[in-house]
Amino acid sequence: MAGSSEEDRRKQVARFKKQSKHWLTREQELQQQQQAKARKAGRIKQRHDDWSADDDDPAVFEKIARPGRERPRPALSPAAIEGLPRGTVTAVHAGRVEIDFAPARLASAMVNDPEQRLAVGDEVAFEVTDGPPRIVARLPRRSVLARPDPGNEHRELVLAANVDLVVIVVAAADPPLRPGLIDRFLLALQRGGAAPLLCVNKVDLLDDAGRARLALMLQPYEELAVPVIRCSASAGLGIDELQARLRGRTCVFAGHSGVGKSSLLNAIDPAGGRATGAVRDFDGKGRHTTTAAMMRQLSDGTRVIDTPGIRALGLQELTRDELQAAFADLQAFAGGCRFADCSHAHEPDCAVRAAVAAGRLSAARHGSWLRLQAGDDG
Ligand code: GDP
Ligand code: ZN
């Protein structure tokens with residue numbers, strides 16, 4: 001780690017803070033500003049509700065409604081697209097996308113501007129002339145699920161757009177639950193403005209002792225106000241609650257294979273939904289097989305976007321920089337640690353642990369940091 005001098009260290013912390021601003025919602029940003037003011041005035045009372053508890057809370061909608069980092073590139077002025085039909089991108093191919101538009105119509109549409117980089121979930125305006133519909137504009141995004149572009153550190157690859165809710169699926173057992181993994185998922189979400197829902201499946205496999213252990217393990221997430229649902233796809237437990245949470249929203253199921261994502265999807269929509277990505281090519285070449293993201297429409301209006309890339313969201317390696325940037329709240333105290341490379345786990349004179357003890361930093365946040373530091377995700 002660079003920056004042994006105090007000056008370098010201060011710069012580093014300032015940089016983390018600046019970086020992490022992009023990942024905050026407007027609400028969180030304001031909250032941070034207020035906290036900074038309060039600290040200055042000596043009135044220190046920090047609340048760590050990074051994740052809102054209640055889905056019906058308008059604050060969550062605010063969070064969801066946060067636009068992505070990338071600015072939309074409107075091909076036309078808002079007035080020019082006013083009368084045009086709108087649709088939702090359900091699958092993306094080279095040079096064309098599939099769109100879904102009311103009422104339940106599917107079409108394969110040409111993309112005029114390849115630079116527009118459409119993603120599944122994007123809302124678009126299109127025009128219909130003789131041939132296939134043509135996409136003329138992408139509407140502003142409410143949220144993005146993205147990962148860093150390996151070829152360009154200043155760019156992100158958008159995996160899906162306008163996702164309201166990411167259902168982080170883990171198993172209570174088989175495979176065993178690893179909290180470090182949940183932390184990673186939450187971290188991945190922090191960037192794009194989609195809200196998390198933690199779904200712990202296979203609770204039917206737990207005995208009383210297992211249930212007690214699970215409760216302890218989930219406590220930090222409840223403290224961070226991440227909504228948690230306990231489910232069993234095979235025993236039909238918690239399915240109604242899951243369904244109610246998802247209803248009418250655009251969702252993504254993320255999680256390791258084997259945790260029960262397909263089983264849960266089947267349980268909430270036994271009819272199998274409408275795989276809206278699977279339409280016939282307009283050119284008559286037959287069904288286009290693709291490994292890209294697809295959107296599925298359930299009978300109650302819920303939309304589920306699925307792709308291997310999204311399922312693995314948050315599973316890629318984190319760099320130390322990314323980790324530190326994601327913990328700007330913790331880094332703000334790190335300058336006071338005795339050691340410049342303090343891990344805030346066991347060192348003497350650790351300002352971060354002191355902040356936790358004094359109630360100025362959430363113990364749950366500190367716990368996430370320790371788990372991610374330790375690579376406790378198998
Ligand atoms: P996916 O890879 O995440 O889509 O997981 P699957 O839905 O394919 O499920 C993986 C395995 O776990 C299958 O053998 C399922 O039958 C099993 N499974 C799924 N949900 C449950 C559950 O709630 N309880 C138990 N005991 N097994 C489950
Ligand atoms: Zn420390």
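R247 has 47% relative accessibility, so it counts as partly exposed. In this predicted model, R247 pairs up with D300 in a salt bridge, and D300 is partly exposed too, at 29%. R247 sits in the loop between α6 and β11 and D300 in the loop between β13 and β14, so the bridge ties together parts 53 residues apart in sequence.

The salt bridge count comes to 9; here are some of them:

| Pair | N to O distance |
|---|---|
| R247 and D300 | 3.5 Å |
| D164 and R142 | 3.2 Å |
| D183 and R371 | 2.6 Å |

D183 belongs to helix α4 and R371 to helix α12, 188 residues apart. Buried or exposed, then, for D183? It's buried, with a relative accessible area of 3%, and R371 counts as buried as well, at 16%. As for the other pair, D164 is buried at 10%, whereas R142 is partly exposed at 27%.

Helix α4 turns up again in the largest nonpolar core, which has 31 residues: α4 gives the most to this core, with 5 residues. L214, one of the residues with the most contacts inside the core, touches A172, L177, V200, V203, L206 and R230, leaving aside residues up to four places away in sequence. A second, separate core of 20 residues includes V167, V169, I229 and I239.

Now the metal. C337, C342, H344 and C350 coordinate the zinc ion (ligand 2) at 2.2 to 2.4 Å. The donor angles run from 101 to 117 degrees, so the arrangement is tetrahedral. Both C342 and C350 are buried.

How values were computed. Residues numbered from 1 in each chain as written. Chains lettered and ligands numbered in written order. Predicted model: local features only at pLDDT ≥ 70, side-chain atom pairs only at ≥ 80, totals over all residues. Heavy atoms only, no water. Core = buried A, V, L, I, M, F, W, Y, C linked by side-chain atoms within 4.5 Å. Buried < 20%, exposed > 50% of the residue type's maximum accessible area, 1.4 Å probe, protein only. Helix = DSSP H or I, 4+ residues; strand = E, 2+ residues; numbered from the N terminus. Contact = heavy atoms within 4.5 Å. Donors = N, O, S within 2.8 Å, 3.2 Å for Na, K, Ca; no water. Tetrahedral: all angles 85-135°; square planar, octahedral: opposite > 155°, others 65-115°. Salt bridge = Lys/Arg side-chain N within 4 Å of Asp/Glu carboxyl O.
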